[in-house]
Structure formats: C-alpha cells, structure tokens
Amino acid sequence: MGREIGVDRTLPSKIRRLVAGGGKRSLHSHLRWAGFFFVLPALIHLIIFKFYPMLQAFRLSFYRYDLMSPPVFTGLENYNLLWQNPLFHQSFWVSVKYMFGVSIPEWFFALALALLLNRRMPGRSVIRLAYFFPIAMSQIVVAMVWKFMYHPYGLVNTILETFGIGRINWLSMEESALPALIAIGIWRGIPLFGVIYLAGLQAIPKEYHEAAIIDGAGVFQRFFYVTIPLLLPTITFVMVLSLLSAVKVFLNPLVMTEGGPNGTTKVLPYFIYETGFAFFRMGEAAAASMVLFVFLFGLTLIQLRLLRRGGVE
Amino acid sequence: MRRFLMTHLLVGLLTALLVSPAFAQQTRITWWGHSNCSKDLVAEWNKKNPNTPVQYDFFAMTPYFQKLTAALSTRSAADMFTLIDFLLPGFTAKNVLAPIRPEWLGYKDLEDMKKAYIPGALDGYIHKGKLYALPPIASGFSLFINTKHFREAGLDPDKDYPRTWEDVGRIGKKLVKMRGSRMVREGFDFAMHSSTWTMWYFNTTIRQYGGEILDASGKKCLANSEAGVKAMNVRARIAHHYKASDPTVSLGTNALPADDLPKGRVSMFITHAGSVAQFGPKVMKYVKVVPFPQVDPKKPVTPIYGFALAVNPHISEAKQRAVHKVLKHVVNDSKTWYERTSYPHPDKNFLNLPGMEDARKTRYLDVFVKDISNGRFLQRSDKVLELNQAIHRAMERVVLKKEDSKKSLDRACKEIDAALAKK
C-alpha cells in the first residue's frame, strides 16, 4: 500500500523511505499501530469492565453461588429454576410491557417534537433547551420528584382534581403503577429522541422539499413522500435505541415502587438485582441476566437488519 | 557517604519504631455499623484504650448489609460489625460469624448470661446453643396513639385505647376524617412501605392465633393455615370492613416509616421505641404509647427485632478476645444507648437503673419493656427475605385488590415452598 503513495521529493529522506515502504515498516503499518495504541486504553477498559464481567456472568450462570460459600457447578439448573419461577415470567412480561409502552409513544411524540422544533419560530433555542431539560436531570432526582408528584396528595392528583377527576393512588394500585412509570419513561425519552430526529431532519437537503413544492406537493405529501423516506434510517435507529434503553430501566422501579404492588412494576433488571443482591442467589441472577442479554442481542440483530434495509451501512 | 548515612538512619528509625512497646502492643480493631451512638462510644473507648484503638466506619443501612455480605464472602469484613437479627440464620449457616464467648464478657456461661437479660431478648441471636451476636438495644413494637385525635372523637385516650385488633378497627373507624369521599385522616394504618414490616405484623398475628409461618423443620410453609387466614383477615377487615384506613395513602418510607403519625395523617400507628426520639418531645406531648394490639390480651405475643454486634471468625483468637472487651464496653453503656436512641436496653434491670424514673413516666419505657418481654423474633430462615416478599405480595393482593385471604396465602405458600426448596 505504502508504495502506491506518490512520494514528495522535498521530504527528508527518512520520511520518504518510510512513506515509500523502504524501511522495515511502511507508513501505513505505522499508522495502523499508532491507531491501535490510541484505542488501546478504551479497549483495555472494555475488556476489563465489560467483556470479562460478561464472560464471568455467563460462567456464573452455571453455578450455585451465594457469595459466602464456594461456587458449585450445577449445569443448567439456574435456567431451569428461572423457567419454573412465575416471578421471573412476571418480570419478563412487565419488562416487555414497559419497553413497548415507553418506546412506541416516544417514536411519535419525539418525531412530532422534532418537526415542531425544525420550524422557524420565535424563541426556538429556548424551547429546545427546555425540552432537553428532563434528560439533563439526574435519574434519582427524577424518580424522587415524580414519586412525590404521584402521591395521592401530590401535584398530579391536584391537577386532575381541578378537572373533576378523583384522586388516583398511582403507585399503590396494580392498574396504575406501571402506566405511571411508563409515563415518566416517555417524558424522559422524548427529548433525547427528539434531538436525534431533529439532527436527521436537518440533514435532509432543502432542495428536495423545494422541488416537491414546485411539483405542487402539499404539506402532508411532502411529509409522507419526502421527509419520511429520507428520515427512515433515523427512525429505525430511534426505534431500536428506544427499545433497548427502555428494557434496561431499573432506577425508577427501585426508588418509586420497589417492584410493587404485587410485582407489577418488577422489571427484569430489578428482578436480577433482587435475586443477586437481596436473596444472594448470584447464579440465578446471572442466568436471568443472560436471558436479558440474549433478548437485547436479538433486538440488536433486528436493528442491524432494519438499518440495512433502511439503506444504512 | 551521604547516601550511606541516610540509609542507616532510616533503618535505625524503622527498627526503633518496630521494637517500641507502643507499636508492638497496639491492636487496631475495625468496626462497621450504622449508628451514630456507636461513634461516640468508640471515641470514648479510644481515649481510654490507646493500645487497642477502634476504627468505626459508618454506613447507610440498606447498602450496608449488602456490603457486609460481600465482605464476609471475601474475608474482608471488619473485626466486628452490626447486623440485624433476621440475617443471622443465613450467616450462621455459612459459618461467617464467630460465637460470642459469655465467659469473656464476665458470665459463667450462656445460661448465666441469659439471666441478666430480659427473658427471650437473646433468643434471636442464638443458633444451636451458641450466641452469635450481642444486642446493645432491645426493640419491639407498640401502638402509638394521637391523644388530640382521640379527644376530638370523644374518646378518652387513657381508657378507650384499643387492646385487640377488633378494637383497633372499631376505634379507628371513629378517628377517621373524611372530606367528601376522600379520607384525609386514617384512624389506623399498617406500614405498607416494606416487606419486613409486613412480616413483623403478620408473623406476630399468626402466632397470636396459634399458628406459624413455617413448620418446625423450616422447610414447609404454613402461612395458608386457618391461623394464617385469620391473621391476614385482620388487615383486610381494618381496611375494608371498618374502613379505618386507606392503605394507599401512607407517605412512610424506609427512612421515616412512622412519619404519618407526627404529621397528623394517621391517628394510630404501630412503631418502635426509636420513634420517641425521632418524633421529639413536642410531638410526644400529644402521643401516647400503649401495648401492641392482640387477638387475646391474656395471651400476648408481640414482634421484636434488634441490631446486634457480631465478631468476624477470621481474626485470631487473641483479637477476638480484644473485640469482646470492646463489645463489653459498648453494650454495658445502656444509659448512653437509651439517651441517644430511645431504645430500651435488654438488661433485665434496665428499668431500675438510676435516672430511669423520669423516662418511665414520660417516655413509656414500661410499655416498651413489657411488649419486648412478650416478644418473639421473626421466623428464623436463611430465606427470610423471600418469605417476607411473598407475604408482602399476598397482603397487597388482599388489601389492595380485595383478593380472598386463603387464595392469596395459597399462592404465597407456593412461592415460599419453591424458595425453601432451593439450596
């Protein structure tokens, strides 16, 4: 490769030799090594703090381990225990409900927000900043604030009462606890995905819209035949990213409901935490986290396939 | 030459330091806990015992027990540490606690030691005839009533306070305050914030009806027995039949479980002696403490629990002996513990200690100690947290969804049996 590069004769002889590949190593090979050394710290971090624990968790899922006694190999027993545990099934379905309950509204509301903010209007920057505010807040603060807002005597019920709607015990009733957490997830996710949509919208060349206007296309025709097809890779990205981030929710159920009432908000990450760090069944918790991993991996594969279909490589 | 001199000087200094009596005799003891009172006692100890200084590390309670378990597994725990009684079966099963030696604390043996304590106060820390932790406080539950609310409802707080669960429902109904269809003050409420609190109530009520959560072997759930159903119905009746409480409105949290009482949102609430200090004298002026409600007041059973001090088994015997000296210093200071925490000391003669007369009159010490002496610790099981969660879910189904008690407890027992079957 190095030999193919045109060599500037004004360069010092050592560099000329290097570029031309005359030394032991070509410039290309040097650059390759330099690049490798640049990514090395990140790679080491990934190996130590991500891949190694993941492999350990996978290994642990075949052991019985309570932190205090030595691990005992039990084969697939942990997976079998999970399969027979109705609480695991409940948690899995709670996670699925939460994931779609949060993600689907996010796709539409975030797009609507982005379309609104993409238009020229007074105070656009301030509005953008205000909408981005929920994502900038610490998650624990969000959980605490919403916990008080959802209280029977809290702000949400006070507002509802002015419309004649009776007091709802949001976090204490099975029917309302999960929807209440879903609403927070949506509120927090819209700004992030709105910004991603906005970036996608701003990347669409104005010429397409101008050409469509000249051809007599109306607002809806331009939206459906110009904006949406060109935004498709962004839409796909947002869809999958929102699903992945929703299925990992943990802090809100922990702080606001502790998985209750009657396990209706016990999402899979909370189930894993409780099994591992409250009941000290680390092997079973590792097996549950492997199930979650396979589930997320499946979603990621779907993402890659959809992205390719959307024309994004 | 300069380097030679410096090296020899350093070696000489180090040798002098190592062989000096102060250095050679110093035994540093580490202690993990979650009480500010312990900090003060440690400071006092360190002043008197410079050769065995104690280093006290304070942790918030919930993550503390997780940290402790992880540390015990990796043999990196402190020399002594605080634990809550119901974690003991799990720890003793794994041999991560050293037995407490009564003879090192000045007693002849465990039986002799028991005689110095309120009857049953050490039961929660004994496993297979050995004591594994030493309680500096004794904690039980009693009923706190708001005397202002009683008088408002035309009740005499000194005579009309509830003795039985039926009384709680009947009197609680009179104390309820409504605004339209909305309950703005509960007559009585059970804490809803924690599965452990749920189990304290349920375990006690099932015992009051003559039942138990588990069979004698600890391998089979009995919570769905007749006694269990009756115990669960106690909660259901107070909420649904007497309508004395709205179980969904409590603002109680793990940090402040009894917060609804001083705020006037509930008229009667069951809590521990520590609440006296938490509420403060201003609130306690209109709060009276009465005995824990019973099914049959002639056969009283109350819930008790406690935080106690345990010793790391992985330290040398000489160090364990030194730790026992610290334990003795810490638990013997019953007055300091009481003044700082409001919890009575499990010492049999605690009420007769000098200076307790006033507390007996104004801080309901006699009621607390009486309830403690009728007390029984939570069901012993190394799966206690799973038991608590299953019973808590059963209670939520009964109280919040009005599910049949028997059906709900059958489901809980299925979950408990599955947990107990796991190794």
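Student: Which strand does B:Asp57 lie in?

Tutor: Bearing in mind that this is a predicted model, B:Asp57 lies in strand β2 of chain B, the strand that covers residues 54-58.

Student: And what does B:Asp57 contact, neighbours within four places in sequence aside?

Tutor: Once those sequence neighbours are left out, B:Asp57 is in contact with B:Trp32 and with B:Ala78.

Student: Why does B:Asp57 count as partly exposed?

Tutor: The class follows from a neighbour count: B:Asp57 has 14 C-beta neighbours inside 10 Å, and therefore counts as partly exposed. A residue would need 20 or more such neighbours to be buried, and 12 or fewer to be exposed.

Student: How far apart are B:Asp57 and B:Asp382 in space?

Tutor: From C-alpha to C-alpha, B:Asp57 and B:Asp382 are 26 Å apart, while in sequence they are separated by 325 residues.

Student: Zooming out, how many helices and strands are there in chain B?

Tutor: Chain B has 17 helices and 13 strands. Its radius of gyration is 24 Å, close to the 22 Å that the globule rule gives for 423 residues, so chain B is as compact as a globular protein of that length. Along the principal axes, the C-alpha atoms of chain B fill a box of roughly 95 × 50 × 45 Å.

Student: What share of chain B is buried?

Tutor: Buried residues account for 47% of the 423 residues in chain B. As for the contacts in chain B with a separation of 6 or more, 73% of them join residues 24 or more positions apart.

Student: Switching to chain A, how is it divided into domains?

Tutor: Chain A is divided into domain 1, residues 2-60, and domain 2, residues 77-309, and the C-alpha centres of these two domains of chain A lie 39 Å apart.

Student: Where is the kink in α4(A) centred?

Tutor: The kink in α4(A), of about 30°, is centred on A:Glu106. Helix α4 of chain A has 32 residues, 86-117, and reaches 46 Å from its first C-alpha to its last, close to the 46 Å expected at 1.5 Å a residue.

Technical notes
Residues are numbered from 1 along each chain as its sequence is written. Chains are lettered from A and ligands numbered from 1 in the order in which they are written. This is a predicted model: local features need pLDDT of at least 70, side-chain atom pairs count only at pLDDT 80 or more; totals for chains, interfaces and linings use all residues. Helices (H or I, at least four residues) and strands (E, at least two) are DSSP runs, numbered from the N terminus. The expected span of a helix is 1.5 Å times one less than its number of residues. The bend at a residue is the angle between axes fitted to the seven residues ending there and the seven starting there. Domain bounds come from an automatic or database domain assignment. Two residues are in contact if their C-beta atoms, placed from the backbone, lie within 7 Å. The radius of gyration is taken over C-alpha atoms; the globule rule is 2.2 Å times the number of residues to the power 0.38.
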